[in-house]
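Please find below my notes on the model under discussion. They are set out as numbered points.

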Amino acid sequence: MKNAYISGTGYYYPPRVVTNQDLVDQYGIDTSDEWIQKRTGIKARHFADEGVGSAEMGHHAAKMALDNAGIKATELDMILFCTLSPDHTFPGSGVYLQARLECPGVPAMDIRNQCSGFLYGLQTAAALVKSGAAKHVLLVGAETHSAALDLTTRGRGVSSLFGDAAGAVVVSATDEDRGIQHIVLGADGRYGDVLCQKIWDITKRPFIPLDEDGNGVVSPEMMWAHMDGKLVFKNAVEKMITSLAAICWDYKMQVTDLDMVLFHQANLRINQFIQQTMGLDEAKVPSNIERCGNTTAATIPTLLAEQVEQGKVEPGMKMGMAAFGSGFTWGAAYLVW
Ligand SMILES: CC(C)(COP(=O)(O)OP(=O)(O)OC[C@H]1O[C@@H](n2cnc3c(N)ncnc32)[C@H](O)[C@@H]1OP(=O)(O)O)[C@@H](O)C(=O)NCCC(=O)NCCS
């Protein structure tokens, strides 16, 4: 059986930076830099311009990952696109990315697992490669949150947290003793409504109510994401700790044996709490949330690509990853670089 390793990484942020103060000055939101930083660690995020979507940002990140892997898009055996903000309801953003990459015929599929999407995708990519079904899989996490945030005081509890970005990796086959060792995933759909965006309701006829002129009417409750922040915080801490511990237990390791741990970037305070609770050295837990907010499926691949670019990831390094998000869904991974 082949091993599966990450042969290339890439990331992309749209150029426009929106600071916490910009949320006050440009959008008129009743918030403050102090409130947001104190609770989340976020200082700024990137917002894509109108006309730019997840497939386009994913394309930038994918090109960088393919270049770093030294392969052409036509050599791919699969494209996996993780997002909760696809360009359209259907088809998925995977096929739009495939068209941009000019590799017709390469299968493309979307993974809709929110903040855990990248780890669900990594499990899928590793399984395809280890089984021999694929030699190279492109795995992209990309989000265009800025188009779907209630950027008013009413929506501040959610809209101050999120930003736009794309991250990508290529997962390739190798005979070397390295790569993706183990991934655990979990979900608990009983909490599906705790963090959700119900832009339409397919149980309704029609699925979006119509006004008397036949135009769709979407109420604010349907249009914007809803979140019970405290419940999400509590469960994120618990599930990321237990899944990372489960990975280490399976490999007879201490969490402190890991050389680097990449946490989903939802809230710096969540990650600091986990890092301190698990006795992890702060230097082993990089973050980028301060600069870009929560970018959902893009958090881990952007963070990884930045660490690689900065020369901080060495061959043989033991790396952990952990994520938690809407669904609830969660997971952790153990890799040897
Ligand atoms: C979102 C989060 C920062 C909110 O912090 P909190 O301490 O739970 O704050 P609350 O939601 O209880 O709100 C407290 C008050 O602050 C207000 N508030 C919310 N967002 C605000 C903002 N951006 N600026 C100023 N005030 C804000 C609320 O309206 C509320 O006011 P009220 O008491 O007058 O009703 C925190 O719950 C959190 O980070 N949760 C995890 C979120 C997460 O990780 N989501 C993604 C998962 S993948």
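1. How far apart do the C-alpha centres of domain 1 and domain 2 lie? They lie 17 Å apart. Domain 1 covers 3-177 and domain 2 covers 180-191 + 226-336, with bounds taken from an automatic or database domain assignment.

2. The model is predicted: local features need pLDDT of at least 70, side-chain atom pairs count only at pLDDT 80 or more, and totals for chains, interfaces and linings use all residues. Residues are numbered from 1 along each chain as its sequence is written.

3. Between the domains, 42 residues of domain 1 are in contact with 37 residues of domain 2 (contact: C-beta atoms, placed from the backbone, within 7 Å). The elements that each supply at least two residues of this side of domain 1 include α2 (33-40), α5 (117-130) and β7 (165-174). The largest contribution is that of α5, with 7 residues.

4. The chain has 11 helices and 13 strands, defined as DSSP runs (helices H or I, at least four residues; strands E, at least two) and numbered from the N terminus. Its radius of gyration, over C-alpha atoms, is 19 Å, close to the 20 Å of the globule rule for 337 residues, so the chain is as compact as a globular protein of that length. The rule is 2.2 Å times the number of residues to the power 0.38.

5. Buried residues make up 48% of the 337 in the chain; a residue is buried if 20 or more other C-beta atoms, placed from the backbone, lie within 10 Å of its own.

Technical notes: Buried ≥ 20, exposed ≤ 12 C-beta atoms within 10 Å, placed from the backbone. Contact = placed C-beta atoms within 7 Å.
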